[in-house]
Amino acid sequence: MDLTLLYRGPLASCDYDCPYCPFAKRREGREQLRADRAALERFAGWAARQTGDRLSVLFTPWGEGLVRSWYRRTLVELSRLPQVRRVAIQTNLSCRTDWLAEADLDSLALWCTYHPGQTPYDRFLAKAGELASRGVRFSVGVVGFPEHLDAARRLRADLPEQVYLWVNAAEGRTYTDAEAAVWTALDPLFPYSRHPHRSAGLPCRTGESVLSVDGDGTVRRCHFVRAELGNLYDGSYRAALRPRPCPLAACDCHIGYVNLETLPLYDVFAGGVLERIPAPGRLSAPLELSVPGRAPVPASGRAGAPPVQPLRPTTP
């Protein structure tokens, strides 16, 4: 069985305090951290025993995982398992990078987010340079606030050309066509993030080959649908795996809508879905997108929007 697992344990602490982030707004005590560590080790032990399956694992912690030794160790261990095709984690890249020398870099990848105001630009860029020099697969992104635009332009100019710079639309923010064009010039795939996607009744890979797992082993189809499919550790989830339509009206998070079968994103990110790295030659704007409550409109043909340009390094 080929399974993609999005694991989110109880960890909820972070070394950053981004004002726009709904996560990581608390500090955990020793017992809470011990519980998170135990939950992660249990999950890693389960993965090690699944020799008859092929696994892909993305860690999506509420907080920052890589500042904790058990997350670094788990990524190394999973990367070396023959049944693990890819293991990746969402991270602010504040951790050191020397631990990556122990990992199998054919399997491990990082999804990195730069948060202006939380860390000096040069420090983040240096960490990205260390990843590149080590041969680590990684993407880098920012949240599309106007105050982040200059930093995003600097990143695109300073990062290695092969590193994909993604832009997430800020939650609850509406972008004019002119504003969207500015972000699309940096990330040609920004139109996918600009609006939520209609999803009600549409086919989605979640619940069949893509699953969400929490620290207790509870399996759900994704992070955004609370109905339980069973438990990872007693195997009860397996009987529930089947194609099923999305029950929600819309999906507005990349880790959710990337799995919609009505979108071409598995082709766009072929070989790099978990770490959000487009396949070579696939970094181009979508021709058409559906917006909830509207008819499909061309992503680069909305009134007042200039033609979408291919990704180029942009100076500030």
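The model is a predicted one. In it, 10 aromatic pairs are counted, and there are two cavities of 30 Å³ or more. Helix α2, which spans residues 69-79, is largely enclosed by the rest of the structure.

**Aromatic rings**

- Among the aromatic pairs is the one formed by phenylalanine 43 and tryptophan 46, which is stacked, with 6.1 Å from centre to centre and 25 degrees between the planes.
- Both residues belong to helix α1 (residues 30-49), and because phenylalanine 43 and tryptophan 46 are three residues apart there, about one helical turn separates them.
- Tyrosine 114 and tyrosine 121 form an aromatic pair that is edge-to-face, with 5.9 Å from centre to centre and 80 degrees between the planes.
- Tyrosine 114 counts as buried at 4% relative accessibility, while tyrosine 121, with a relative accessible area of 8%, is buried too.
- One aromatic cluster is made up of Tyr7, Phe43, Trp46, Phe59 and Tyr71, so that the stacked pair of phenylalanine 43 and tryptophan 46 takes part in this cluster.

**Arginines over rings**

- Arginine 8 lies over the face of tryptophan 62, at 4.1 Å from the centre of the ring.
- Arginine 205 lies over the face of tyrosine 266, where the distance from the ring centre is 3.7 Å.

**Cavities**

- In general, rolling a probe the size of a water molecule over the atoms shows where empty space is left.
- The largest cavity holds about 80 Å³ of space.
- Its lining consists of Cys204, Thr206, Arg221, Cys222, Phe224, Val225, Cys246, Leu248, Cys251, Gly256 and Leu260.

**Two buried polar residues**

- Asparagine 92 is found in the loop between β3 (84-91) and β4 (108-113), and at 3% relative accessibility asparagine 92 counts as buried.
- The side chain of asparagine 92 is joined to the side chain of serine 94 by a polar contact of 2.7 Å.
- Serine 193 has its place in helix α6 (residues 190-194), and serine 193 is buried, with a relative accessible area of 11%.
- A polar atom of the side chain of serine 193 lies 2.8 Å from the backbone nitrogen of alanine 169.
- When its neighbours within four places in sequence are left aside, serine 193 is in contact with Val167, Asn168, Ala169 and Tyr257.

Methods. Residues numbered from 1 in each chain as written. Predicted model: local features only at pLDDT ≥ 70, side-chain atom pairs only at ≥ 80, totals over all residues. Heavy atoms only, no water. Phe/Tyr/Trp six-rings, centres within 6.5 Å; stacked < 30°, edge-to-face > 60°. Helix = DSSP H or I, 4+ residues; strand = E, 2+ residues; numbered from the N terminus. Buried < 20%, exposed > 50% of the residue type's maximum accessible area, 1.4 Å probe, protein only. Lys NZ or Arg CZ within 6 Å of the ring centre and 35° of its normal. Polar contact = N/O pair within 3.5 Å; in protein donor to acceptor, adjacent residues only side chain to side chain. 1 Å grid on protein atoms, 1.4 Å probe; cavity = no way out; pocket = protein on both sides within 12 Å on 5 of 7 lines; lining within 4 Å. Points joined across faces, edges and corners; volume = space filled by probe spheres on them. Contact = heavy atoms within 4.5 Å.
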